[in-house]
Amino acid sequence: MRWEVFKQDTPKKAHQAVGSVHGADAEHALLNARHVFGRRPAAVSMWVVRADRIYSRTAEELAAESSAGADGTDTPPATGTGPRTYLVFRKSSHRRSMTFVEHVGEVEASHPRDALVSAMSRSADGEGLAWWVIEEGDVHRSDPDAAESWFEPALDKTYKQQSQYGTVAPGAGKRSAS
Amino acid sequence: MTPQTELDAQVSQALAYRLTAMGDDELLLGHRNSEWTGHGPVLEEDIALSNLAQDEIGHAVMWYGVRGELDGSDADDLAFRRDPAQFLSSTFVELPRGDWAFTMLRQFLFDCYEAESLPRLARSAHRPLADAAAKAQREELFHLRHTGLWVKRLGLGTDESHHRSVAALTAMWEAFGRLLAPLPGDEQLVGAGVLPDWSTLPAAVFARVRAALAAADLDPGEDPVVPPLAQRNTVSEARTELLGTMQAVARADPEAVTW
Amino acid sequence: MTDVQGTQDPSAEEKASSFEARIASGEKIEPGDWMPEEYRRQLIRMISQHAHSEIVGMLPEGAWITRAPSLRRKLVLIAKVQDEAGHGQYLYHAAETLGADRDELVDALLTGRAKYSSVFNYPTLTWADVGMIGWLVDGAAIRNQLMLAQCSYGPYSRAMVRICSEETFHHKQGKEMVIRYASGTPSQRRMVQDALDRWWWPSVMMLGPHDSDSPNTPQLMKWGIKTKTNDEVRQEFIDEHVPELQDAGLTVPDPDMRFDEATGHWVHGPIDWDEFWRVVKGGGPCNAERLAARNAAHDEGAWVREALEAYAAKHQRTESVVA
């Protein structure tokens with residue numbers, strides 16, 4: 001099973017989608033996410049979400065649906081009836097090459113499509129190039145109290161950080177002829 | 001924390017011995033785990049076990065380093081230029097990597113041992129040892145989370161995974177008891193406050209192990225015997241094989257001053 | 001080589017031209033966006049080959065982890081081979097966003113139907129090979145990956161940015177080793193020159209056939225999947241590495257290698273493309289060994305994967321709390 005991974009680099013930054021891991025269950029996926037995306041700094045928190053539980057739309061898809069009159073209420077099904085909390089993620093720039101969708105907030109809605117419509121109406125501030133909407137209960141989060149043991153040791157593993165090597169000059173390893 | 005005092009010569013020697021044994025254990029366990037790098041059963045697990053291997057070898061570097069501060073020894077010389085008879089590793093970490101069940105359960109038992117030993121060492125009267133232990137403890141918490149996850153999946157997964165886990169535990173159980181045996185000189189270290197609460201260590205480790213194994217429907221039988229004194233100088237076949245491989249390049253060119 | 005349906009269906013033709021306009025303006029194509037089937041197919045082909053190369057690429061160097069001659073080298077090499085697993089992981093993810101299934105891609109590798117980089121079918125004979133692979137093979141790979149980081153497909157581009165940053169560590173640690181050994185003991189010097197003799201040409205070849213023999217390149221460039229040709233990337237690699245190897249006191253094993261004052265580029269001698277194709281098609285010195293190692297890991301891991309699935313199925317409902 002595939003799980004999308006969201007990583008938060010510092011407490012002030014938003015969680016960003018960084019890739020996915022395979023995992024048999026949520027606990028396994030979360031540990032795998034730590035192993036794969038936390039082996040170098042920096043991270044303070046990680047979330048995993050089953051890939052098939054994410055409602056995603058790009059700007060192009062939304063435009064096509066709107067011109068075709070489609071309501072886009074296909075996937076994924078909500079887990080019950082009535083309003084619930086959805087987390088909204090947005091990609092807002094073509095410029096920053098590393099950034100895909102990042103967490104922009106929560107909305108109350110009874111369906112992911114409604115959550116998306118509501119989120120879009122609220123965020124006239126920036127461009128929405130791609131959107132992900134995820135029901136709160138589908139987000140499995142690393143324990144904030146365990147952050148020290150999960151993420152801080154990576155800081156000490158300087159041998160795998162390219163910045164620690166500097167420029168290697170030929171002749172640097174010369175030994176005396178003795 | 002007790003401020004660091006000058007260690008008398010006898011205590012210092014005993015501490016160097018213990019640090020070497022602890023470093024050797026971590027190094028050889030990390031080495032065995034690193035044999036999986038590139039051969040893991042799942043891509044993500046290949047990455048995970050390589051993390052654990054780096055952590056354990058990193059801890060070996062740390063313990064050798066604390067010894068180096070005592071007697072000026074060099075970590076690479078300790079690792080690569082000692083003969084098998086000079087190593088102080090436990091048979092427990094020397095045993096071949098075995099299958100995934102053996103590897104995960106051995107790492108789990110070792111994590112349980114460190115989950116009890118590191119908090120004690122973090123209260124050591126020898127400040128550099130206490131600081132190093134506190135640092136290693138962070139990683140060990142995460143290790144225990146990882147191997148604890150595997151104990152459940154191995155014990156409760158399929159009949160095959162359960163049988164393999166039982167066989168693995170049986171194969172390593174006696175050696176696990178010997179891992180916990182006091183080293184020559186520990187008595188002085190306990191007396192000097194370098195090893196606080198050391199006598200309660202084995203029982204605490206076994207209690208921890210039992211609780212986790214029971215939750216995974218695994219019963220290793222009676223607690224293994226902890227001998228009154230460890231015999232770390234005994235050379236096993238596994239140690240000779242491991243060091244023969246590990247030291248092959250480093251010792252092939254005695255002239256080399258740097259690798 | 002445009003989409004076949006696109007030439008018949010006017011709305012698809014419209015889509016194709018707006019797709020190409022988006023790429024021309026520097027936008028990234030994201031999962032969910034419309035794309036020509038051929039764009040999707042070419043990307044899955046390239047990305048999966050790239051992923052397989054990372055996975056098989058763990059083996060030649062991985063064989064030396066247990067023999068690394070210092071504690072630092074041991075840590076570095078585990079981390080490096082681990083990164084290759086990680087890079088394979090990121091790349092399979094990028095392929096999955098295009099609808100590919102990782103298990104099926106892996107199966108194609110294990111059964112010998114998928115290609116991977118020819119360079120990993122050469123043996124690692126001494127410890128110095130580890131350094132040389134880091135400097136040359138990763139040096140060549142970075143050149144290619146820096147180009148692919150500009151790729152029009154968002155997930156591939158992002159995977160490449162992440163990979164390039166980690167790969168720079170691989171390159172630097174290899175370079176550090178080679179330079180150190182090149183001025184080390186006589187046996188270290190012999191070992192490192194021998195490694196260069198064996199790895200130079202495979203590294204030059206791994207950047208792919210000449211442009212004239214690379215039929216996919218023009219379309220891939222038009223779609224912004226590739227932004228440089230194989231020969232352009234190869235030239236960058238040679239221009240960067242030849243002078244540095246010479247500075248280190250090593251001899252590049254190409255008697256025709258010369259610096260062209262007029263163009264400011266290094267000019268290499270003829271490449272043995274027969275060897276390249278032989279290795280790509282399975283006739284390299286280690287093809288069988290590499291696939292056997294991957295198959296063994298997969299087969300021996302079967303019961304482990306079954307245990308994970310069985311546990312997850314049993315505990316799906318009872319374990320809702322994830323710490």
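**Helix H6 of chain C and the contacts of chain C**

Helix H6 of chain C is mostly covered, with 19 of its 21 residues buried. The model described here is predicted. The helix comprises residues 128-148 of chain C and reaches 29 Å from its first C-alpha to its last, a span close to the 30 Å expected at 1.5 Å a residue.

Chain C forms a contact with chain A, to which chain A gives 36 residues and chain C gives 44 residues. On the side of chain A that touches chain C, two or more residues come from each of strand S2 (16-22), helix H1 (26-37), strand S4 (55-58) and helix H2 (59-68) of chain A. H1(A) provides the largest share of this side, five residues. In terms of residue class, the side of chain A that touches chain C consists of 13 nonpolar, 13 polar and ten charged residues.

A contact between chain B and chain C is also found, with 42 residues from chain B and 38 residues from chain C. The side of chain B that touches chain C receives at least two residues from each of several helices of chain B, namely H1 (9-34), H2 (43-71), H3 (75-80), H6 (127-156), H7 (159-179), H10 (237-246) and H11 (248-252). The largest share of this side, ten residues, is supplied by H2(B). The residues on the side of chain B that touches chain C are divided into 19 nonpolar, 14 polar and nine charged.

Terms used
Residues are numbered from 1 along each chain as its sequence is written. Chains are lettered from A and ligands numbered from 1 in the order in which they are written. This is a predicted model: local features need pLDDT of at least 70, side-chain atom pairs count only at pLDDT 80 or more; totals for chains, interfaces and linings use all residues. Helices (H or I, at least four residues) and strands (E, at least two) are DSSP runs, numbered from the N terminus. The expected span of a helix is 1.5 Å times one less than its number of residues. A residue is buried if 20 or more other C-beta atoms lie within 10 Å of its own, exposed if 12 or fewer, and partly exposed in between; C-beta atoms are placed from the backbone. Two residues are in contact if their C-beta atoms, placed from the backbone, lie within 7 Å. Ala, Val, Leu, Ile, Met, Phe, Trp, Tyr, Cys and Pro count as nonpolar, Asp, Glu, Lys and Arg as charged, and the others, Gly among them, as polar.
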